[in-house]
Amino acid sequence: MSLQKEFTKGLWEIVPPFRLVLGLCPTLAVTTSAENGMGMGMATTFVLVFSNLLVSLLRKFIPSNVRIAAYIVIIASFVVIVELMMQAYTFPLYRALGIFIPLIVVNCIILGRAEAFAGKRGPLESIADGLGVGIGYTISLTVLGAFREILGSGTLWGLKVFWSGFEPFTFMVRAPGAFVALGVMLALINFISLKLEERKRRAVS
Amino acid sequence: MREIIRMVLVLTVICAASGFSLALVRGFTKAPIDYSRLKFVKEPAVKAVLAGYQNDPIKDRLVIPVGKDKKGKPMNLIVFPAKKGGKTFAVAFEASGAGYHGDIGVMVGLDPAQKKLTGISIVSHTETPGLGARIVEPKFTGAFKGKPTDKQLAVGDISALSGATMSTKGVVAAVNNARSLFDKYRDKMLQ
């Protein structure tokens, strides 16, 4: 597979929260606004790209019996780096994301990509894969966050989008709203891909 | 056996490299982290008590050692100077006094030239909600503005909150503590 293919598959084919249905804990918890979703996505992307690169470079050097332990150490180091950087330069975002930054360590997407992809492929392909999946994840979280923010607080990126008398559905920024929003998005994505497949089949026959 | 040694060795090398790089990152992010902590946690209080400054009080903060705590650890007082034209005309720092329920942390702004309080702001407290907790209201804290600092402030100098005499006393005590801290470290604060 070409590098481009490795990159683009993360954007649609295996876009993490909707296709792989991985990394749902932060997906549900931090997407109360578009900005939070995007921040979380970017932090995850950073960790994902660098952990993929390092795992791929070290894949011949790490004995397979201790690979999970080695991967976790690598991932955890990058997470701590992200955490320190966020505290230093984007403190308000750090406060908003709180406990979910350290929890990137146990985000299944990152370990999943290390195990399923970077542990077997070359460094360039792994970076492309990490970038693709990371950006796919960031876009998903941002869209989900925007959806919940618009309905739940009547704003987008902190700006008002509705008329002044609009009463926001506070339900949407609470935990149950996250499940509803995720369900709606999953249904939508499945519907679109079903239609696409149908069209492809019709074109063939 | 060789396999086991290899596993141990590889993991050790990875962990050591990780520890080393984290120590490096920690080293160069320490100063910005301290800065942004103060900026986002303390700056609202500093802004509330100081006015008309042209500098960044958080950046120009002074750290003054003020003895040791009970465990022998050195304690520091962080002073935020307000400057105009490069000269300090007022300072703000935190002091505490015993309220009805635990210590009340108060950010106190002092103007040494006019010997007046430029304002106070409650930073932390655990007073009773609805009663003592009303000390955070601007109506109460505003009464301290412009009070003289050349003599002890008495509870009678400001109108106490009804039903919250102890909390009022705590805030007054904190302000008086700030006064004595200022007298003690005046030269260091105004350098």
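Two residues are taken to be in contact here when heavy atoms of one lie within 4.5 Å of heavy atoms of the other. In this predicted model, and leaving out residues up to four places away in sequence, A:Asn36 touches A:Val30, A:Leu93, A:Ala96 and A:Leu97. A:Asn36 itself lies in helix 4 of chain A, and because its relative accessible area is 13%, under the 20% limit, A:Asn36 is classed as buried.

Two packed helices are described by the angle between their axes and the distance between the axes. For helix 4 (residues 34-57) and helix 5 (residues 67-89) of chain A, the axes come within 9 Å and cross at roughly 140 degrees. That angle makes helix 4 of chain A oblique to helix 5 of chain A, since roughly antiparallel would require an angle over 145 degrees. The crossing in which helix 4 of chain A passes helix 5 of chain A is right-handed.

The side of helix 4 of chain A that takes part in this contact is made up of A:Gly39, A:Ala43, A:Phe46, A:Val47, A:Phe50, A:Ser51, A:Leu54 and A:Val55, and these meet A:Tyr71, A:Ile74, A:Ile75, A:Phe78, A:Val79, A:Ile81, A:Val82 and A:Met86 of helix 5 of chain A. Sorted by class, the contact between the two helices has 14 nonpolar and two polar residues, and no charged ones.

Aromatic rings form part of this picture. Over all chains, the structure holds six aromatic pairs. In one of them, the ring centres of A:Phe46 and A:Phe78 are 6.5 Å apart and the ring planes stand at 80 degrees, so this pair is edge-to-face. The pair links distant parts of the chain, with A:Phe46 in helix 4 of chain A and A:Phe78 in helix 5 of chain A, 32 residues apart. Together with A:Phe50, A:Phe46 and A:Phe78 form one aromatic cluster. A:Phe46 counts as partly exposed because its relative accessibility is 32%, whereas A:Phe78, with a relative accessible area of 13%, is buried.

A last stop is A:Gly122, which is found in the loop between helix 7 (108-118) and helix 8 (123-153) of chain A. With a relative accessibility of 16%, A:Gly122 counts as buried. Neighbours within four places in sequence aside, A:Gly122 is in contact with A:Ser56 and A:Arg59.

Conventions: Residues numbered from 1 in each chain as written. Chains lettered and ligands numbered in written order. Predicted model: local features only at pLDDT ≥ 70, side-chain atom pairs only at ≥ 80, totals over all residues. Heavy atoms only, no water. Axes fitted to C-alpha atoms, helices over the stretch in contact; angles between N-to-C directions. Helix = DSSP H or I, 4+ residues; strand = E, 2+ residues; numbered from the N terminus. Parallel < 35°, antiparallel > 145°, perpendicular 65-115°, else oblique. Left-handed = near helix turned anticlockwise from the far one by under 90°. Nonpolar A, V, L, I, M, F, W, Y, C, P; charged D, E, K, R; others polar. Phe/Tyr/Trp six-rings, centres within 6.5 Å; stacked < 30°, edge-to-face > 60°. Buried < 20%, exposed > 50% of the residue type's maximum accessible area, 1.4 Å probe, protein only.
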